[in-house]
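Open the model beside the sequence. We will walk from a strand pairing to a metal site and on to a single side chain.

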Amino acid sequence: MSLSNLSFVKSWVSIPANSDFPLQNLPFGVFKTENEKERVGVRIGDFVVDLKALYILGYLENLPFELSDFDAIVLNLMMKKGKKSVRELRNRLLKLLDNQHQSLQKNEHHVSQVLIPIEQVTMCMPIQIGDYTDFYSSREHATNVGMMFRDPANALLPNWLWIPVGYHGRASSIILSGQNIHRPKGQIKPDPNSNPIYAPCRNLDFELETAFITFDGKALGESISTEEAEEYIFGMCLLNDWSARDIQTWEYVPLGPFLAKNFASSISPWIVTLDALEPFRCESPKQEPEVLDYLKFKGEKSFDIQLEVSILTPNGLEQNIAKSNFKYLYWNMSQQLAHHTVNGCNIRCGDLMGSGTISGPTPDSYGSMLELAWKGSKPIPFSDGTERKFLLDYDTLIIKGFAEKDKLRIGFGEVRNKILPAL
Ligand code: CA
């Protein structure tokens, strides 16, 4: 089935209008139900397709997968089979769920075992994440932060236009959408003329990001080129890279973020494949000065993905605070991966690579409270009468993402987490 024709194909599964999850999406995730433990599924409309059940019933025959790849608490075993195999699996699922295809559709007994209504499932952390790297690839974000904390005239540091800047984060505290977090505590220095104090963070922030998840890469010492990079990318999800700005301000010199970042980062539960995003490829911003050879790339390597941030206040008001787009990123995923491995660093199945905060060109497209409220100087008014400089206890931060074109919508769902007071 060619990708260009795919947008007209319909499923026999009923899919609500405007769903993030049409037949053309089929994102992968891990779920459990009341009566059965974790297993692998794909999402379609308001159902999860149980791949373990599908395998047992014989619908996934002649594919390079075993029962244990789907009867698993994470996607890693399935992902170990690599891009080509996962693509074959996805193509089989597209066929089984296509209304022109009879085999599963006509077997009501099987359908009832394989299709599980979304309200009956609990989503689980989909990936055993080995390493977490976070980039800093939005020019607008880097410029805004540089203007606030350094010199407005030289907001971008000299290396930024040459290097997809990044740092190694922490995988142990990556959590799933739906899990509450506690306001972190740490060293802050509210009075610049006094000693630091140990206290709950006062400037708690979110960072609007996406992340990509890798297949196994090459051996230690070898590099992945921009041309090869997408062969090593399984898919993408939404990422909220929680940040404690006051802890960060005091601790970040000289080695960069540490406890301001590693208390939690949240991801959405469904991993959208690059194949599903194929119709939404677009150009990324022009890169000037010309990048070094190993960062050059051919073709369209960015994706037009709309991103929205809302806060659900303790009063029950949900208010949008930002709209941005993945396509604003200056450095694309292929460049990030090429840079990450150019020194011979190896990547492994299940590594998570954050995009960096995705800010757009206008003040309503900024990807953090730090920028939206401009370091606290422009509080954001809420229609329940409250205002925010940073995030408050019992706020719920919601990030949504979707790509939409020619009546085809490929969405990510959301990443949603509530902030509880410090422990
Ligand atoms: Ca970040």
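Predicted model: local features only at pLDDT ≥ 70, side-chain atom pairs only at ≥ 80, totals over all residues.

Strand 20 (residues 306-312) runs antiparallel to strand 25 (residues 396-405), and 7 bridges join the pair. Strands here are DSSP runs of E with at least two residues, helices are runs of H or I with at least four, and both are numbered from the N terminus. Two strands pair if DSSP finds at least two bridges between them.

Numbering starts from 1 along each chain as its sequence is written, and side-chain values use heavy atoms, without hydrogens or water.

Now the calcium ion. Asp 134 (OD), Glu 207 (OE), Glu 209 (OE) and Asp 241 (OD) coordinate it at 2.2 to 2.3 Å. Donors are N, O and S atoms within 2.8 Å of the metal (3.2 Å for Na, K and Ca); water is not among the atoms, so sites may look incomplete. The donor spacing in sequence is D-x72-E-x1-E-x31-D. Glu 207 and Glu 209 are both buried, meaning under 20% relative accessible area with a 1.4 Å probe, protein chains only.

Last, Arg 43, which lies in strand 2 (residues 39-44). Why does Arg 43 count as buried? Because its relative accessibility is 11%. Its side chain reaches the backbone oxygen of Gly 45 at 2.8 Å.

Methods:
Buried < 20%, exposed > 50% of the residue type's maximum accessible area, 1.4 Å probe, protein only. Polar contact = N/O pair within 3.5 Å; in protein donor to acceptor, adjacent residues only side chain to side chain.
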